[in-house]
Amino acid sequence: MGDIEVTVLRSGTEIARIVRPLRTHGGVSAITYRRKLWRVTGSSIDLDEGALNADEMLSEIAEQHVTETSADFGVSQGFIQGEPENSRILVDAGPGTGKTYMACSRVAAMIRDGVPATRIWIISFTRTAVIELRNRIAAALDDPAEAGAIRIATLDSHAWALQSGFSSGAILSGGYEKNIESTLMQVREDAEVAEYLRRLRHLIIDEGQDIIGVRAELTLAILDALEPECGVTVFADEAQAIYGFTEDDQLGLEPAASLLDGLQARGFQKRSLSYVYRTESPTLREIFTSVRRCVIDKIDHTEARQQRVRADIERLADGVVDTSRSLDVAALDQNTLVLMRRRVDVLMASSFATAPHRLRMSGLPACLAPWLAMLFWDWTERRITKSIFDERWFARCTPTRPGMPSQQAAWQLLFEVAGDSATSLDLHRLRNVLGRPNPPMLFCSPEFGYAGPVLGTIHASKGREASDVILYLPPDGDNEDGGDGEEEIRVMFVGATRARDKLMVGTSSGLRAGSVNGRVWRRAKGGKVQIEIGRVSDLEPDGLVGRTVFATSDEAQSAQSAWLDVPLRTGISARADQDIDWRLALEADGQRLGALSRYVSNDLKLIAKQCDKWPPPGFLPHLRSIGLRTLAFTPDSVVAEELHEPWRSSGFLFAPLLLGLSAAKFPGGK
């Protein structure tokens, strides 16, 4: 039936917000949580009500998925489930056809048949999907702990694990592409890596259509290193291949080598999933099936098909909304997903929104849970005991804050990563994990923000779904950026198939924007320029508790307390300050709250040159914070030398969820 976002309640208080597959049994809607099944009422579960009968319900779910078939094209899920463990198959799986269920049930069946969990790999496309896959597999196993032994990770994480595990000098540097290339060479030339890969019994690859270029080369090299008896299951959908470019890239680039071409050359057997589980709406089902065939078959030339796909989506949608300029975020349910083609449109809609909302775009910082900094910002010792943890939790972590887990759940989560003994944590080990560029999603919010509907780009929301979706398409005939029409057809299809119950369609603003190092900017009226603030490197530890930005530790602590006390904050400005080497100091209500990084200053210089102006803007108004996150750095990070105590030793601090599409002026002419 698809996934649903659910609020977890205990004693009437929200303790967590999770995304789980929605199930039914005897007319009752339910989800799995902590390895038990719970009744869903509205969009929440109440732990005080007690769990449902898990064995009976899971048995019925499994039976439904195995026996349910379609008279449409393809074979049943039951047929794919019955494929031998050592078969190598390419499964054509359109949106909503139970791909995730099939992958998880296939793994669970192998483990029940005696395949060691340690010899099963799953390559997922996103870190959010990694968590969902592990949770679903755990729910289907007799011993849920076995799910922890399966190697489930993104391709980049798999690559780094191979590189670091077989090379003492491995360094994560030079960008993701460079590290993929290094791992590719290692897979091809290192005998120990080849021996390790020959131990695998089954490999599952998700979103195969999006593995291209050097990542496709690496994946194919891994396949070639496997023993012939090792099975491989690849799930792919040509209609959803939209990662050959990103939300703001210029299109029309030379196509890269793809994994699917390599699989065809290696004789993979083709299978398909066709029954749509995601929606019961007849019109939405037609988008999932008939429109998908139009996307794939390519009977007409590109321009005609682009117009047809757009017209069919608009015809089959449940209604039309005004342009994105008229979007009223306050009127939307928190489970609504608002999708736009371009990053600049999302930023513009967010800047006009007066109600809480969340963002889903690339290039934003990881939203590490703020309770981590609440607990550890002033703890300077390497280890902390369970008793002191408990004292700090009850003194500092109020359960009413968004996304706050229970004390027991928080301890268990930390212990799994950094447990040092039965009653203590090694915080250096924890910092080494949380200080990574991509920390584990178990510690993060999946979106940027903690409340309200989700505003996102279609690219970043792939794999996400919601009961209600508002899809804003670019103005008809909008091809001024040299876009590839075939790619745009698939983008429209992906956006339209995120909805379970209701799809509304509108037209985006058609704003034009440039990009510098991924940062969006656009010319505005009155000679101004609008500049995106809030990207992943815009706030760093030295800008929040550094000795250059704050004269004393007390001043830094005052700023940190201000973010904690008022995480939702408007009226923030950034002004270039000579005393801090012309970095942009963040201010609100007459108080300095931090400073933007030098990455921002450098990008402003590049934007000024592109606008043929100089000097660059020195004042950025209208910034805001939509929440709070933890910022952690590793024990050996050089940034520590620039910080005040206790943060220099603790490694944890608060950072705002900073946002802005600031309308800035150039101080002078050329």
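This is a predicted model: local features need pLDDT of at least 70, side-chain atom pairs count only at pLDDT 80 or more; totals for chains, interfaces and linings use all residues.

Biologist: OK, the open sheet then: how many strands form it, and in what order?

Modeller: The sheet has 6 strands in the order E9-E8-E10-E11-E7-E12, and their pairing is parallel. Strands pair here if DSSP finds at least two bridges between them, and the elements are DSSP runs numbered from the N terminus, with helices (H or I) of at least four residues and strands (E) of at least two. At the edges are strand E9 (151-154) and strand E12 (269-273), each of which pairs on one side only.

Biologist: Which residue stands opposite Ile-123?

Modeller: Ile-205 in E10 stands opposite Ile-123. Strand E8 (residues 120-124) and strand E10 (residues 202-205) run parallel and are joined by 4 bridges.

Biologist: And which helix packs on the sheet, touching E8 and E9?

Modeller: That is helix H4 (residues 127-140), whose direction makes about 160° with that of E9. Axes are lines fitted to C-alpha atoms, for helices over the stretch in contact, and angles run from 0 to 180 degrees between N-to-C directions.

Biologist: Switching topic, how do H10 and H17 sit, parallel or antiparallel?

Modeller: The axes of helix H10 (residues 282-297) and helix H17 (residues 485-496) come within 11 Å and cross at roughly 170°. H10 and H17 are therefore roughly antiparallel to each other, a label for angles over 145 degrees, where under 35 is roughly parallel, 65 to 115 roughly perpendicular and the rest oblique.

Biologist: Which residues meet there?

Modeller: From H10 there are Ile-287, Phe-288, Val-291, Arg-292 and Val-295, which meet Ile-489, Arg-490, Phe-493 and Ala-496 in H17, contact being heavy atoms within 4.5 Å.

Biologist: Now the aromatics: which residues form the cluster?

Modeller: Trp-371, Phe-389, Trp-393, Trp-411 and Phe-415 form one aromatic cluster. Rings of Phe, Tyr and Trp (its six-membered ring) pair if their centres lie within 6.5 Å, and planes under 30 degrees apart count as stacked, over 60 as edge-to-face and the rest as tilted. By this rule the count comes to 8 aromatic pairs. Trp-371 and Trp-393 make an edge-to-face pair, at 5.7 Å centre to centre and with 70° between the planes.

Biologist: Are those two buried or exposed?

Modeller: Both Trp-371 and Trp-393 are buried, which stands for under 20% relative accessible area, with exposed over 50% and partly exposed in between (1.4 Å probe, protein chains only). In helix H14 (residues 386-396), the buried residues are Phe-389, Asp-390, Arg-392 and Trp-393, and they pack against helix H13 (371-376), strand E17 (383-385) and helix H15 (407-418).

Definitions and conventions. Residues are numbered from 1 along each chain as its sequence is written. Side-chain values use heavy atoms; hydrogens and water are left out.
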